[in-house]
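This report describes how two chains of a structure meet. Please consult the sequence and coordinates shown below.

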4 protein chains.
Amino acid sequence: MRPWSKIVSEDEEGIYKTIGFGGASGLGRRPALVIIDVQYRTAGETPMPISEAIKQFPSACGQAAWDAIAQIKLLLAEFRRKKLPVIYAYVAKKETYDAGRLGEKMPALMGISDRGYEFVKEIEPIAGEILLPKRHPSAFFGTPLASYLVDQRADSLVMTGCTTSGCVRASTVDGFAYNYRMTVPEDAVYDRIPTSHAVNLFDMASKFADVKPTKLVLESLAAL
Amino acid sequence: MRPWSKIVSEDEEGIYKTIGFGGASGLGRRPALVIIDVQYRTAGETPMPISEAIKQFPSACGQAAWDAIAQIKLLLAEFRRKKLPVIYAYVAKKETYDAGRLGEKMPALMGISDRGYEFVKEIEPIAGEILLPKRHPSAFFGTPLASYLVDQRADSLVMTGCTTSGCVRASTVDGFAYNYRMTVPEDAVYDRIPTSHAVNLFDMASKFADVKPTKLVLESLAAL
Amino acid sequence: MRPWSKIVSEDEEGIYKTIGFGGASGLGRRPALVIIDVQYRTAGETPMPISEAIKQFPSACGQAAWDAIAQIKLLLAEFRRKKLPVIYAYVAKKETYDAGRLGEKMPALMGISDRGYEFVKEIEPIAGEILLPKRHPSAFFGTPLASYLVDQRADSLVMTGCTTSGCVRASTVDGFAYNYRMTVPEDAVYDRIPTSHAVNLFDMASKFADVKPTKLVLESLAAL
Amino acid sequence: MRPWSKIVSEDEEGIYKTIGFGGASGLGRRPALVIIDVQYRTAGETPMPISEAIKQFPSACGQAAWDAIAQIKLLLAEFRRKKLPVIYAYVAKKETYDAGRLGEKMPALMGISDRGYEFVKEIEPIAGEILLPKRHPSAFFGTPLASYLVDQRADSLVMTGCTTSGCVRASTVDGFAYNYRMTVPEDAVYDRIPTSHAVNLFDMASKFADVKPTKLVLESLAAL
């Protein structure tokens, strides 16, 4: 059973199987951990159903966020232990001139309180970890992420955080296009919409990234 | 009924409704038409079920391609009539050094015949239309598309072609990030996997683009 | 007499004249003013010879900075009067992980005090003007500048600040590549090295931008 | 004596010396050779003075091109011997829609004959070497060069070809911004204007790249 098994049909999976999509890229020799948008604005202050969490922050994802944060914590510990690069991509506080198309499609994202922009304490950055403010979905778009990766000699990226169908997907497609080996631990990313979460995992697994449980990613990391 | 109505639940749609995702960007004053990857490699030689089409080209999408091509033809005629920019983004023939991560995740894409790279005759480019070879999913990535758009004074993009969950999605997210007004005519884009097609339309409609039938896009174009 | 007339020979200018380099792009219909790196780190606290200024900040340019700031002030007033976009691109405070190649080629840039990063008061930003922190020479590289320009519907850029042979040159070449009409007011940009200043103006005038005195740029602005 | 010694004054060099600009980046562990725009359009058919060569192709650089090509040939042989990546960045044939700002600043570049776009035979590419058509000065701008470099695991670039003050300079600044270790063999790059050639070498040596004779670069390569 994969996260998308109840949504994507066997016939559909069969097509990708027949044409051979979904090959493996592997973890690479020097992965970097990318933690995307794990701020109170997406997690809410505490675990609770999304229907409650959006009353705190309209951008919150509810319980799904906290389930993923528990997995990200395990990955973060392992990356720190191995002194591999850790990068926090996060949404920069919106200025009026940041509205653009985002202000039209998702106006609720323009008025988030300062608290919403703080990193979730359970997995907050420590000194020396790379902070990457961003203003668009992809962690690569309009940021110096590509330059940091060259400097860090990373050859692969482990993508975590949120949302699966938003910034994680956009960043993963860009990372793939830059020819980084991409891994998405399926239980360390989260979304507001379970169907989008599942189908974006399917899309990424088929075309752009290795998608697997955190447990298996940790095993590969241990073997580096 | 929207294309995703049988897959995305009412509860899920309700969350985006509550937080106000899915606002409208509008068509802009000077849209450009982007036709993505409408080559025989994705359409097959003639309309047929995808299970047959992939025997010609493993990357083919089958009947869905030809249904969309009929709609693209209408849009193309209108853009040409109004002398608005038309851009053909297409997959450049793969060289051995293009394998990279693509060669691992989707090895079938490396061995397509020359015929597969030809534009589908029904909507092939005419002199003066912009040809944009690309080597990665997004029509913006590693191409001068952004420069052409500035030169053409385009302020919005109408995205057509394939695949909805691949190059159309990647290009649409990038166009949104560049602050272009994005429109995706839902019946002028196509995919191999109906579930991915539908959920990617839902994601884009909610966050990145105005998604609507070609008929309505044509009405907006006529009113420019 | 042009700023480079004593350095570039008549024979050299003759070659570009013969092949027709140095054509005009014009100011466009909706220019944006870009003010690059006018922080105390490049201006020093007050006007003084560069040999003194570098004792305050190793990155300071001395008197040349303050001469240019007087011209930028005139341009800024006109852009504000006409409610045209104003963008402050500036060097973001360096973190240890920002060293990279910059830390090798120009190590002095890594240890600038907080004061050095402040905007020069004479032309500091006001509310609503776009702030663009950057970590590399070009104001486009690793920043969302391209997205802001699309949103602002700018079709041309007036480049000011410093250094002529560093960030101004890099940003101007990128703006040219994006197909923006580029103008460099020759007395509103500054450098540490007069020869580099002059020859970079010559290169830009010949290939990438319209280079002219601020006085003439102001006249074109008034005529918009 | 450096190539710029007769143009840049001792006082000017003294400023950079005082503030410590011009540090070394080194060659890295896995350099790629980038050969920029060495096509008949820049070299002319045979060695001759630039005043003659521009009668063949207005974009030609004359004798300087052929002097540099002799050096590039040595570097190319060494890169091939060591099976290190070789990348040919070259100007793609201009289409009418490519005019943009280039057609205004340098109109002569729009009408070059097909022959002009051919690679100079003395150092033409062999099978497996990366071909990178480009439409703007930098070899990175609007091209997938960054993706190829990640795939090739390159950590440094040796920049050759032309022009020193145009595409070589633009590509070198971008490569520096991406955090690649940049080397410019001063006698393997060429320009139309000796003063621009010299001062751009000075700028790059001071801020963006290690600039040294081909002979020394070959020694470093041999020691890898």
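A salt bridge is counted when a side-chain nitrogen of Lys or Arg lies within 4 Å of a carboxyl oxygen of Asp or Glu. Under this rule, 4 salt bridges span the interface of chain D and chain C. One of them joins Asp210(C) to Lys105(D), with 3.1 Å between the closest N and O atoms.

## Basis of the model

The model is predicted, with local features requiring pLDDT of at least 70 and side-chain atom pairs pLDDT 80 or more, while totals for chains, interfaces and linings use all residues. Residues are numbered from 1 along each chain, chains are lettered from A in the order written, and side-chain values use heavy atoms without hydrogens or water.

## Extent of the interface

Chain D and chain C each give 58 residues to the contact (heavy atoms within 4.5 Å). Together they bury about 4,800 Å², 61% of it on carbon and sulfur atoms; this is the accessible area (1.4 Å probe) lost on being put together, summed over both.

## Helix pair α7

Helices (DSSP runs of H or I, at least four residues) α7(C) and α7(D), each covering residues 164-177, pack at about 110° with axes 11 Å apart. They are therefore roughly perpendicular (65 to 115 degrees). Residues that meet here include Arg169(C) and Asp174(C) from α7(C), and Arg169(D) and Asp174(D) from α7(D).

Note on methods: Axes are lines fitted to C-alpha atoms, for helices over the stretch in contact, and angles run from 0 to 180 degrees between N-to-C directions. Helices (H or I, at least four residues) and strands (E, at least two) are DSSP runs, numbered from the N terminus. Angles under 35 degrees count as roughly parallel, over 145 as roughly antiparallel, 65 to 115 as roughly perpendicular and the rest as oblique. Buried area is the accessible area (1.4 Å probe) that two parts lose on being put together, summed over both.
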